[in-house]
Amino acid sequence: MKLLLLSNSAAPGRPYLDHARDAVAEHLAGVEELLFVPYALADHDSYTAKVAAFMRQLGRRVRGIHTEDDPRAAVARAQAVFVGGGNSFRLLATLQRTGLVDTLAHRVRAGLPYMGSSAGTNMACPTLRTTNDMPIVEPASFAALGLVPFQINPHYLDPDPSGTHMGETREERLSQFLEENDVPVLGLREGTWLRGDDDTLTLGGIEAGARLFTAGAEPVEYAPGADLSALMATKARFDHRDA
């Protein structure tokens, strides 16, 4: 598999995807046309145009999957696919409704380059359970593409000791997830991404890096360049709680 899993697509003070320009260009080397999946937002045309404007700078054409009469056939003939961010519940529900979950997973495992940002990165996980999004729609299940055997939390935010917000921190929510599931969760801070090539997985992006949460252990920090390939051997156990 060839994966590029971005925590975010927009960075403060920079144009869309500009912070990851080099990583995107390298990921799409040899690709002339990119199939874009805009289902995480309601306005598919505007979203696709935004992606096309960026990809045009890299010399790539973009085709929105929503314009296709047969989305599964479009995936079958695609050179590469980009699943954009937005609401992950809406995204997964639409992938299920269009019959694309199995089709995408099969093609990516067969070598189709997959790029995801935010909700699109959530889709690469076994389930939707570590998204940050509000469930504005109800998917048939939380099962996602399962391209990686562990969970990712995009846009990971560290606890703010001086903050006055009384809601749960991201760390607390992920700790609750691990009370019920024995599955590692990688908190990808904004500006970072994962690059996967078969069973090799490397952390990229800014110095903020990522934080790995595992059941029964303290979180571990990783810096850009870290080899996270061991996560590809994860044996996930969902809905598993020790008595």
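User: What makes Met134, Ile136 and Val137 a nonpolar surface patch?

Analyst: This is a predicted model. In it, Met134, Ile136 and Val137 make a nonpolar surface patch of about 280 Å². A patch member needs over 30% relative accessible area. Val137 has 33%.

User: Where does Val137 lie, and is it buried or exposed, or partly exposed?

Analyst: Val137 lies in the loop between H6 and S6. Buried would need under 20%, and exposed over 50%. Val137 is at 33%, so it counts as partly exposed.

User: Why is the pair of Phe36 and Tyr47 called edge-to-face?

Analyst: Ring centres must lie within 6.5 Å to pair, and planes over 60 degrees apart count as edge-to-face. Here the centres are 4.9 Å apart and the planes meet at 85°, so the pair is edge-to-face. By this rule the count comes to four aromatic pairs.

User: Which parts does the pair of Phe36 and Tyr47 tie together?

Analyst: Phe36 sits in strand S2 (residues 33–37) and Tyr47 in helix H2 (residues 44–57), so the pair ties together parts 11 residues apart in sequence. Both Phe36 and Tyr47 are buried. Ring pairs also link Phe36, Tyr47 and Phe82 into a cluster.

User: How do you know that Phe89 and Phe142 form an aromatic pair, and of what kind?

Analyst: The limit for the centres is 6.5 Å. Phe89 and Phe142 are 6.1 Å apart, centre to centre. Their planes are at 70°, against a cut-off of over 60 for edge-to-face. The pair is edge-to-face. Phe89 belongs to helix H4 (residues 88–97), and Phe142 to the loop between helix H6 (119–122) and strand S6 (151–156), so the pair ties together parts 53 residues apart in sequence.

User: Are Phe89 and Phe142 buried or exposed, or partly exposed?

Analyst: Phe89 has 7% relative accessibility, so it counts as buried. Phe142 has 42%, so it counts as partly exposed.

User: Which residues touch the most other members of the largest nonpolar core?

Analyst: The largest nonpolar core has 45 residues. Leu91, Leu95, Tyr114, Met123, Leu147, Phe150 and Leu194 touch the most other members. Helix H5 (residues 100–109) gives the largest share of this core, five residues. In soluble globular proteins, nonpolar side chains tend to be buried together.

User: What is Leu95 in contact with, leaving aside its neighbours within four places in sequence?

Analyst: Leu95 is in contact with Val37, Tyr39, Leu100, Val101, Leu104 and Met123. Another core lies apart from the largest one. That other core has 22 residues, among them Leu4, Ala20, Val24 and Phe82.

User: Why is H5 called largely enclosed?

Analyst: Seven of the 10 residues of H5 are buried, so the rest of the structure largely encloses H5. The buried ones are Leu100, Val101, Thr103, Leu104, Ala105, Arg107 and Val108. Their cover includes strand S1 (2–6), helix H3 (71–77), strand S4 (81–83), H4 and strand S5 (114–117). After H5 comes Gly111, with a positive phi near 120°.

User: How do you know that Glu68 and Arg63 form a salt bridge?

Analyst: The cut-off is 4 Å between the nitrogen and the oxygen. In Glu68 and Arg63, the closest N and O atoms are 2.9 Å apart. They form a salt bridge, and both residues are buried. Glu33, Arg61, Arg63, Glu68 and Arg77 are linked in a network of salt bridges. The whole structure has 13 salt bridges.

User: What makes Arg237 and Asp182 a salt bridge, and where do they lie?

Analyst: Their N to O distance is 2.8 Å, within 4 Å. Arg237 is in the segment after strand S11 (220–222), and Asp182 is in the loop between helix H7 (170–180) and strand S7 (185–189). The two are 55 residues apart. Arg237 is partly exposed at 39%. Asp182 is partly exposed too, at 29%.

User: Are Glu221 and Arg211 buried or exposed, or partly exposed?

Analyst: Glu221 has a relative accessible area of 45%, so it is partly exposed. Arg211 has 15%, so it counts as buried. The two form a salt bridge, with the closest N and O atoms 3.1 Å apart.

Conventions: Residues numbered from 1 in each chain as written. Predicted model: local features only at pLDDT ≥ 70, side-chain atom pairs only at ≥ 80, totals over all residues. Heavy atoms only, no water. Phe/Tyr/Trp six-rings, centres within 6.5 Å; stacked < 30°, edge-to-face > 60°. Helix = DSSP H or I, 4+ residues; strand = E, 2+ residues; numbered from the N terminus. Buried < 20%, exposed > 50% of the residue type's maximum accessible area, 1.4 Å probe, protein only. Patch = residues over 30% accessible without salt bridge, like charges linked within 9 Å, V, L, I, M, F, W, Y side chains within 5 Å. Areas by Shrake-Rupley, 256 points an atom, 1.4 Å probe, with all protein chains shown as cover. Salt bridge = Lys/Arg side-chain N within 4 Å of Asp/Glu carboxyl O. Core = buried A, V, L, I, M, F, W, Y, C linked by side-chain atoms within 4.5 Å. Contact = heavy atoms within 4.5 Å.
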